[in-house]
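Please read them beside the coordinates.

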Amino acid sequence: MWRFDWDEDSRSVAGLARDFGRLAMPFEREAAAAADVPKALTVQAEEAGLFDLLRPEGAGGLGLSLLAAGGAVAALVAEAPSIGTALLWPEAAGIFGAPPHTAFLDGGGGTPAYLRPATVSVAKGRLKGRVAFAAVLPEAAPAFVVARDGDQDALFAMRSGIGTERVRTMGLEPAHLAAVEIDGEGERKGVFGPAERTAILCYAAPFFHGYARAALSYARDYAARRQAFGQAIGAFQGVAFHLSEMAMENEAAELLWQEAAWAHARGESDLSLAAQALRSAKDTAWKSANGCVGILGGHGFVDDHPAERWLRDVQTLSALTANRSALAETGRGLFGEEVGESA
Amino acid sequence: MPDFSTTPQESALRAYLNNFARTEIRPRSLEADQSEEVPTDFYDVARRSSVSLEHMPRNPRAGEGGPRKERTTLRMGVLASEELAWGDASFLLSLPGPGLGGPPVSFIGTPEQRDRFFSIFDDAKVPHYGAYALTEPEAGSDVARIRTRCEEVPGGFRLNGTKVFITNGGRADWVVVFATLDPELGRAGHRTFVVERGTPGFRVGRRHKKLGLRANDTSELIFEDCVVPEENLLGGRQHYEARQSKEGFKVAMATFDSTRPLVAAMAVGIARAAAERARELIQDRYVLARALPRYRAIQAALDDMDTRLRAARLLTWKAAFLADVGEPQSRAASMAKAYAGGEAVRICREALELTAESGEGPDPFLEKWFRDIRVFDIFEGTAEVQRLVIARRLFEEIGVKVGL
């Protein structure tokens, strides 16, 4: 029978992530200005085991399920959105057993393929192509690359042949966002099918949920202390209802990704469910970040507060994942892919 | 660890009720809407099929007061609500049983009162009803403003006032009535009574004409020097004296905490019916005759409906779970009700919009659900009241009381 409580282990890992987030939060502005996470924080995250959340135990990780790991990701990002995302977003390859700090580069085709053709392909064991926008790692790091291999996507491990060029973005500065040229040999790790893509979508959703939580908390706290017309602005229904709306949407989005991750962990991976969950998480994060800027008013527009940075971050992060229409089409198909492709 | 599964027992209940709704409720639904009555043969069919409000929680807090023990009552209730409302919510609301009157009798009724008022439902051959009368013409969301007066008289209390929008009020065997000793006392003056049909001074006023849920009886109740015996003061005099005061108001609110997830589940049931119907109609009429962009636009709209429907169900399930394990859940209950109510209204409207063909009338089921669903964003606390509750709880989390 369904239930919504967490076990002790999951709570403890999420608590660890949350505590690290609280430690990191004061460095968010500095990290954005330096376009990097302070080295000391990266070391601390390493020591806390945060890069091993998802990695299978056989590969030296904690082997947490996507659901438990997602809870930890959301807890960290809710406390230190930019740094948390910059540190953990590039670690997605850990799901497939990659060592820490292996970039994940998705040059595979979308589903359905007509919305997103593959940008990296394989010929005679050599991968060639380009990933226009991805989170990479500061040093020349190994990568797991999704590429089109014949009539299916497959996952390859690459140690060389990866050229990165950092790109300017509107936000998420501490992450190393780059255009990536790929031309080299890779070791085929296996098919990258719907189950693997589902895992990636399930991994992405809690980052957006973390941003949404951060924005809601910040806006709520501000509304409780900011006075106007003789009372806290939170006492005005125009503000209070806005916060309620954000809280409701956040809760709904959280449950959607949890359900998708839960299904995946049970071996009932459902790409449609995950696509719906990610789309909902992205929408909610944007609404919350945007709402936070609005509730702070002029203070939300200037960089004295993190609200404007979170709004830029969310939009940047959003560009790193499949766009809304692709997710809608990946979502529960009305009449099945076959009709959709051929109609 | 969160778990989103249903047990075989729950799945079986779901399938059984869905089949009942499909074969026994839907075929009667449109005619009942037109005649504004659930056909009487339905009650026999429901009884023979063992479909009753026993599938719904009469007493969501049964067993409270002892060691905390996890229950499954409300979770089963929301499953049943969704399936039966998928058939027709008017039929669900017209099923015999204590209805919204059940929770307050369970919460604070004395053992004698619980026996007396619930025992009538043991006789399944004749439909019996309870009802819940809180709303008045000048007091809805603001419960503290109720003006129905109760005045002590020898042997009991005299009630004067009018209640409106009372589900099954016209046929209830007894009604839980909220009244005040003195409006100046605010919530502290509230008292809760069970008024039985036939009590002198109690009569049913007009039956409301409504936008939707037309087959279900919603009536006005009038109390004119209606003397209610002392033993019908819910919980007995000592209940109010011992706790000094706001118990009457608390009873009203506690009822909502347990019933809002059920109402949310009904909204999910109706919205699901509308989304499914829209898909069927679109598949028949549109898909192969339309260009791809049109098809994609429809597919995206339906996917969006499906996502919101799923989210509404999950919020409802969470509120029911928290109630079952005895965790505070008024925020979750309000979220479920507000989200499900609001999104279900939008889904039913979009279903109608997506299937509209120029020159053709709307599909009769979609047209009906479009009317039926509107009240789910109103009754059991309006959308605005739910947002007030959520906002209060948000600020309470950081220990701040804002003047909402």
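1. Strand 4 (residues 174-180) of chain B is largely enclosed by the rest of the structure, because seven of its seven residues are buried. Here a residue is buried if 20 or more other C-beta atoms lie within 10 Å of its own, exposed if 12 or fewer, and partly exposed in between, with C-beta atoms placed from the backbone. Helices (H or I, at least four residues) and strands (E, at least two) are DSSP runs, numbered from the N terminus. The covering of strand 4 of chain B applies to both faces, with Trp174(B), Val176(B), Phe178(B) and Thr180(B) buried on one side and Val175(B), Val177(B) and Ala179(B) buried on the other.

2. As to provenance, this is a predicted model, in which local features need pLDDT of at least 70 and side-chain atom pairs count only at pLDDT 80 or more, whereas totals for chains, interfaces and linings use all residues. Residues are numbered from 1 along each chain as its sequence is written, and chains are lettered from A and ligands numbered from 1 in the order in which they are written.

3. Strand 4 of chain B has partners on record in the pairing analysis, where two strands pair if DSSP finds at least two bridges between them. Strand 1 of chain B runs parallel to strand 4 of chain B and is joined to it by four bridges, with Tyr132(B) standing opposite Val176(B). Strand 5 (residues 190-196) of chain B runs antiparallel to strand 4 of chain B, with seven bridges between them, and Phe193(B) in strand 5 stands opposite Val177(B).

4. Chain B as a whole has 11 helices and seven strands, and 51% of its 404 residues are buried. Of the contacts in chain B between residues at least 6 apart in sequence, 77% join residues at least 24 apart, a contact being two residues whose C-beta atoms, placed from the backbone, lie within 7 Å.

5. Which residues touch the most other members of the largest nonpolar core? They are Ile270(B) and Ala344(B), in a core of 195 residues, where a nonpolar core is a set of buried Ala, Val, Leu, Ile, Met, Phe, Trp, Tyr and Cys residues joined through C-beta atoms within 7 Å. Helix 6 of chain A provides the largest share of this core, 18 residues. A second, separate core of 36 residues includes Phe117(B), Tyr129(B), Val164(B) and Leu233(B).

6. Ile120(B), in the loop between helix 5 (111-118) and strand 1 (130-133) of chain B, counts as partly exposed because it has 16 C-beta neighbours inside 10 Å. Apart from neighbours within four places in sequence, Ile120(B) is in contact with His128(B) and Asp173(B).

7. The contact between the chains takes 42 residues from chain A and 43 residues from chain B. On the side of chain A that touches chain B, helix 7 of chain A gives the most, with 13 residues. By class, that side has 22 nonpolar, 11 polar and nine charged residues, where Ala, Val, Leu, Ile, Met, Phe, Trp, Tyr, Cys and Pro count as nonpolar, Asp, Glu, Lys and Arg as charged, and the others, Gly among them, as polar.
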